[in-house]
Each structure stands twice: as C-alpha cells, then as structure tokens.
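Take a slow look around this structure with me.

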Amino acid sequence: MRALHAVFLWIAAGFGVGFVPRAPGTFGSLPALVFFLATAEAAWPQRIGLFALLFLVGWFVSEIAGRYWGHDHARIVIDEVAAQYFVWLAVPDITWPWLLAGFVLFRLFDVTKPPPARWFDDQKGGFHTMTDDFFAGVYAAATLLAIRFTLTAVYP
C-alpha cells in the first residue's frame with residue numbers, strides 16, 4: 001500500500017512538478033501543456049473526457065495528499081494541471097500566442113481567486129482544492145473567448 005500511496009502523492013504533485021522549489025503552481029501548467037498538445041487532434045468528447053478524468057483523479061489524490069501534506073499544500077498542483085488544460089480547450093488556434101494568453105490569464109485568475117473561487121479555496125477537501133482552480137479556469141477561458149470574439153468583430 002505504501003507504493004500506491006506514493007503514486008497518489010506523485011500524481012497530486014502534478015506528476016512530480018509540484019516538488020519544484022519555486023512557483024510549483026506555475027510549473028503545474030507544464031503537464032497540462034503536454035496533455036493538451038498530445039490531444040490537440042482528438043475529438044471534443046475525448047478532450048472533455050480527459051478533463052473530466054483529470055478532475056476526478058485530481059479530486060481523489062488531492063484528498064489523500066491533503067491529509068498527508070495539508071489542505072491545498074503548494075506541492076498539490078494537479079488542480080492547476082486540470083484547470084490549465086480546461087483553459088486551453090478554449091483557445092481558438094493552437095499557436096504560442098494563444099497558449100501563452102491562456103496561461104497568463106489562468107495564472108492571473110488563479111492568484112486573484114474571484115468569487116466563487118475564493119470560497120472554494122477557503123474550504124477543505126480534495127473537491128474544493130480542484131474546484132477553486134476550475135473556477136479560475138472558467139474565468140480565463142471566458143476571457144479568451146471574449147478576446148477572440150472581439151478580435152473577430154474588429155478584424156473580420
């Protein structure tokens with residue numbers, strides 16, 4: 001059981017990325033980028049399915065890691081992985097400017113935690129660990145879509 005517990009902690013740490021000494025949440029976007037680029041040609045249902053799987057697995061391992069390291073400890077970055085992947089599902093084109101915009105917007109909303117993200121962040125448990133970042137991702141994705149809509153309206 002010890003080995004399985006270590007695997008759960010490794011997944012909660014964003015496949016090890018959460019162990020970086022500085023800005024582990026920011027580095028948590030790296031596994032998301034790998035998943036996103038690997039599934040870029042997949043159909044929408046598969047991509048949404050991967051997000052759902054990341055969220056559900058993240059919920060489970062965040063619960064375990066939270067008991068081990070403390071609720072929403074800096075090492076737990078699976079929430080950033082799932083939410084950043086979700087944000088990139090909203091990019092209109094898979095180009096570095098759009099990916100960078102999605103990354104910056106997600107980090108902005110993840111740090112500022114507008115409602116209801118702040119409320120979820122203040123609660124304990126794996127579901128809340130995942131959900132506060134999901135809402136930051138929703139804000140970032142909506143902003144990306146608004147930028148796309150605006151650019152399309154201005155430059156048809």
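A residue is called buried when its relative accessible area is under 20%, exposed when that value is over 50%, and partly exposed in between, using a 1.4 Å probe and protein chains only. Helices here are DSSP runs of H or I with at least four residues, strands are runs of E with at least two, and both are numbered from the N terminus. What you're looking at is a predicted model, where local features need pLDDT of at least 70 and side-chain atom pairs count only at pLDDT 80 or more, while totals for chains, interfaces and linings use all residues. Residues are numbered from 1 along each chain as its sequence is written, and side-chain values use heavy atoms, with hydrogens and water left out.

Let's start with helix α5, which is mostly covered: 10 of its 11 residues are buried. The buried ones are Ile78, Asp79, Glu80, Val81, Ala82, Ala83, Gln84, Tyr85, Val87 and Trp88. What sits over them? The cover includes α1, α2 (24-27), α3, α4, α6 and α8, where contact means heavy atoms within 4.5 Å.

Some of those α5 residues turn up again in the largest nonpolar core. A nonpolar core is a set of buried Ala, Val, Leu, Ile, Met, Phe, Trp, Tyr and Cys residues joined through side-chain atoms within 4.5 Å. The largest one has 35 residues, and Phe36, Leu54, Ile78, Tyr85, Trp88 and Val91 are the members that touch the most others. Helices α1 (2-12), α3 (29-38), α4 (44-69), α5 (78-88), α6 (96-112) and α8 (126-154) each supply at least two residues of this core. The biggest contributor is α4, with eight residues.

Now for the charged side chains. Side chains of opposite charge can pair when their charged atoms come close. The rule used here for a salt bridge is a side-chain nitrogen of Lys or Arg within 4 Å of a carboxyl oxygen of Asp or Glu. By that rule the count comes to five.

Which residues are linked in a network of salt bridges? They are Arg107, Asp110, Lys113, Asp132 and Asp133. Begin with Asp110, which pairs with Arg107, their closest N and O atoms being 2.8 Å apart. Both residues lie in helix α6, three residues apart, or about one turn of the helix. An α-helix has 3.6 residues a turn, so residues three or four places apart point the same way. Both Asp110 and Arg107 are buried.

Asp110 also forms a salt bridge with Lys113, again with the closest N and O atoms 2.8 Å apart. Lys113 counts as buried because its relative accessible area is 11%. Asp133 is buried because its relative accessibility is 1%.

Is Asp132 buried or exposed? It counts as buried, because its relative accessibility is 0%. Asp132 is found in helix α8, and its side chain makes a polar contact with the side chain of Lys113 at 2.7 Å. A polar contact is a pair of N or O atoms within 3.5 Å; within protein, one must be able to donate a hydrogen and the other to accept it, and residues adjacent in sequence count only if both atoms are side-chain atoms. Leaving out residues up to four places away in sequence, Asp132 touches Asp72, Asp110, Lys113, Ala117, Phe120 and Asp121.

Finally, a few backbone details. A cis peptide bond joins Pro115 and Pro116, with omega about 0 degrees, and Pro116 is found in the loop between α6 and α7. Over in the loop between α1 and α2 you'll find Phe15, whose phi is near 65 degrees, a positive value in a residue other than glycine. Phe15 counts as partly exposed because its relative accessibility is 29%.
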